[in-house]
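Here is a short briefing to read alongside the structure. Have the sequence and the 3D view open as you go.

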Number of protein chains: 2
Amino acid sequence: MARRVDLGALVEHAREGDPRAVGRLITIVEDGAPQLRELMAALSGATGPAHVIGLTGSPGVGKSTTTSALVRAFRSVGRRVGVLAVDPSSPFSGGALLGDRIRMQEHATDPDVFIRSMASRGHLGGLASATPQAVRVLEAARCDPVLVETVGVGQSEVEVAGEADTTVVLLAPGMGDGIQAAKAGILEIGDVFVVNKADRDGADQTARELRHMISLGMSGQPGAWRPPVLKVVASRGDGVEALAGALDEHRAWLASSGAGVERRRQRARAEIEGIALAALQARFGGVGRDGALDELAADVAEGRTDAFTAADRIVASVAG
Amino acid sequence: MARRVDLGALVEHAREGDPRAVGRLITIVEDGAPQLRELMAALSGATGPAHVIGLTGSPGVGKSTTTSALVRAFRSVGRRVGVLAVDPSSPFSGGALLGDRIRMQEHATDPDVFIRSMASRGHLGGLASATPQAVRVLEAARCDPVLVETVGVGQSEVEVAGEADTTVVLLAPGMGDGIQAAKAGILEIGDVFVVNKADRDGADQTARELRHMISLGMSGQPGAWRPPVLKVVASRGDGVEALAGALDEHRAWLASSGAGVERRRQRARAEIEGIALAALQARFGGVGRDGALDELAADVAEGRTDAFTAADRIVASVAG
């Protein structure tokens, strides 16, 4: 599938900000090309830690518009920005989000903005996300911040939080009251909350409800981060500067409190686990192996044994 | 957490259709109580294979209403029905879907209808779903069919398809055109398509588009199942008998074509893999183990090594 390329040269060009080189490196990440390992080893340590900002929220709250407005805000102070648009519902990448990407077109010709859509399920069979590796490529290209926009609801929101330093949860007036938010588990994952489309009826109430529910959930220990709730009209740029400011404040808090180091370690932990599990899973079906999976699956399906007993045999065959 | 209970007696009572016994067994499944293994061993082989029907679709298409109408249809021909409402977005179970469950209240006093809400992420840390095990409890209680209704969009839809014999994909007019459906990957997973709220404008067009896209995707080999597209007004019961008939037809096709056996094996395979991976993952963090995860995570986070190299060490420490 992937041709063998001169990785050293590609990485060098990516560092210099060549968008084609960045694109090709992310393609290696997505494809899980034979050179992915080599690429990750090459990038390890050499990349400065960018501020990784996750943006999440239900469809229709204006994630792309807000992302685009944030890109503008960061560009106005001279920062190079990377954007990953991750679509958990799509097995495809690249063109999957073309419609949404149109909102990002104003940045298409800016050499200091790197935008890429990708599927969230990586090459490693769904257990490992390719997002952290793509982030690393953008870090190598000296992007800071890297914005990770996740489409979708539910579990994927919680997952994006695990891959970001700062998680922005977007809501829109009338699109889900506080109870819905609590139900979806988004109160726990948000570092910054945005009520977008704040020129609509009900914005104040949504913001008030959110603040109330956040204060209920606050543990109150000194030094804890208190997630702000910001009203924004991203399509007009209203409130976007304040949002960028809140993101910078959270970054400073991450650095001063030590929470940032902890989050990065947790992220690395999840990444390692995903890769290790995928590697172990690849050994499950080995031909001629004692406890071969297909045979055990038939036994379970036809009631000759149960799944736990079968799993014991698989584990024993892999891990001894 | 869970008290030690007399499993043999509970299973016996569940078989006799005691709803409290069924409820307690599903709680054991959800909690991953120490007796879960014992329970699964006790149920293995002893449970007849029910027709497991998955219902999925975006929020608002009328999944609960359709499920309730289907329960009525199956009850009218004397079948005992189990319903699992799985909420992938919620870390909580039980009361999570209370609002939706209200639509099921007409069946609350029917001793031959078992309804249970549960979170999709099981006790095994997100890698293994508890759904197949809960299905097995309902099978033991002689429910047939078992309806598995999944809330949410995206990846969860694909997952529910993996846990059902027959997957019903619901849509509503104007709630997403054919392209949206294709994007979400639901065309591939549906055995039966339902355009619900078919008294609304656009129902014919939605059905037509769906049929067209399905025919484009049909391989055309003889004996293949051709997914029907049915128009239903679940709130009035219109078209629900035809839907129940289509489900019975699909079940007959599964039996005659051999596809049913294959699906059950694939399902068992995924279940075994999930349990085995969770068991392996539990060994990753062992204290004092060479390549302990926390230390490696710090190394990756601080750029001293990369995630693939770290994962190699974890795999070696577990699997030798």
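This is a predicted model: local features need pLDDT of at least 70, side-chain atom pairs count only at pLDDT 80 or more; totals for chains, interfaces and linings use all residues.

The expected span of a helix is 1.5 Å times one less than its number of residues.

**Helix α11 of chain A**
- Helix α11 of chain A covers residues 240-257, and its 18 residues reach 25 Å from first C-alpha to last, close to the 26 Å expected.
- Its buried residues are A:Val240, A:Leu243, A:Ala244, A:Ala246, A:Leu247, A:His250 and A:Leu254.
- The buried residues pack against β1, α4, β5, β6, β7 and α12 of chain A.
- After the helix comes A:Gly258, with a positive phi near 85 degrees.

**Strand β1 of chain A**
- Five of the five residues of β1(A) are buried, so this strand is largely enclosed by the rest of the structure.
- One side of β1(A) holds A:Val52, A:Gly54 and A:Thr56, and the other holds A:Ile53 and A:Leu55.
- β1(A) pairs in the parallel sense with β4(A) over four bridges, and A:Ile53 stands opposite A:Leu147 there.
- Four bridges also join β1(A) to β5(A), again parallel, with A:Gly54 opposite A:Thr167.

**The nonpolar core**
- The largest nonpolar core has 174 residues, of which A:Val137, A:Ile272, B:Val137 and B:Ile272 touch the most other members.
- Leaving aside neighbours within four places in sequence, B:Ile272 is in contact with chain A residues including A:Leu293, A:Val300 and A:Ile314.

Methods:
Residues are numbered from 1 along each chain as its sequence is written. Chains are lettered from A and ligands numbered from 1 in the order in which they are written. Helices (H or I, at least four residues) and strands (E, at least two) are DSSP runs, numbered from the N terminus. A residue is buried if 20 or more other C-beta atoms lie within 10 Å of its own, exposed if 12 or fewer, and partly exposed in between; C-beta atoms are placed from the backbone. Two residues are in contact if their C-beta atoms, placed from the backbone, lie within 7 Å. A nonpolar core is a set of buried Ala, Val, Leu, Ile, Met, Phe, Trp, Tyr and Cys residues joined through C-beta atoms within 7 Å. Two strands pair if DSSP finds at least two bridges between them.
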